[in-house]
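Here is a short briefing on one protein chain. It begins with a single residue and then turns to the whole chain.

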Amino acid sequence: MPSYANIGYALDAGSNAGVNVKEAWTQYELNIVMSDDDSIVTLASNRFQIVAGTFEFHIVASLNNVGQCRVALYNVTQDYGVKAGANTQSTRPTVTGRDISNGTDWYEVQYHATNEQITYGLGRKANTGDDELYCDVNLLLYPDT
């Protein structure tokens, strides 16, 4: 049976996410584990490690008024892009895919944008009274058997 984990980037209610970097693949911050009942993920320094097995990922990131943009999953340890999402001018670029974890590699979410946006390039506050969620990473792990 697969295991599920959900990590992301969240800030206090009423906080904008900050300035984005333009014209370069850049690490998107990750700072919270929202769900991980089976302890399949470790989060540290904006990167995550997932236990060994095949995993599926679905990532949604906030970018706001930054022109053309993309989001990707990157394997930092092996120095390769796992998968980049489609080009979009949307404020919610996504990427979905599958990879095989050896249990020791570190991954990060990256984004690319053509324009810089001061104050809220990485997302604008929603002001709902809840924490602001700017990056949502869903992981489904199928352990090796």
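**One residue and its chain**

Leaving aside neighbours within four places in sequence, Asp136 is in contact (heavy atoms within 4.5 Å) with Asn6, Ile7, Met34, His58, Ile59 and Val60. This is a predicted model, in which local features need pLDDT of at least 70, side-chain atom pairs count only at pLDDT 80 or more, and totals for chains, interfaces and linings use all residues. Residues are numbered from 1 along each chain as its sequence is written, and side-chain values use heavy atoms, with hydrogens and water left out.

**Asp136**
- Asp136 lies in strand 11, which covers residues 132–143; strands are DSSP runs of E, at least two residues, numbered from the N terminus.
- Asp136 is buried, meaning under 20% relative accessible area with a 1.4 Å probe, protein chains only.
- Asp136 has no salt bridge, a term for a side-chain nitrogen of Lys or Arg within 4 Å of a carboxyl oxygen of Asp or Glu.

**The whole chain**
- The chain has 11 strands and zero helices (helices are DSSP runs of H or I, at least four residues).
- Of the 145 residues, 46% count as buried.
- Among contacts between residues at least 6 apart in sequence, 77% join residues at least 24 apart.
- The C-alpha atoms fill a box of roughly 45 × 35 × 20 Å along the principal axes.

How values were computed. Buried < 20%, exposed > 50% of the residue type's maximum accessible area, 1.4 Å probe, protein only. Lys, Arg positive; Asp, Glu negative; His and termini not counted.
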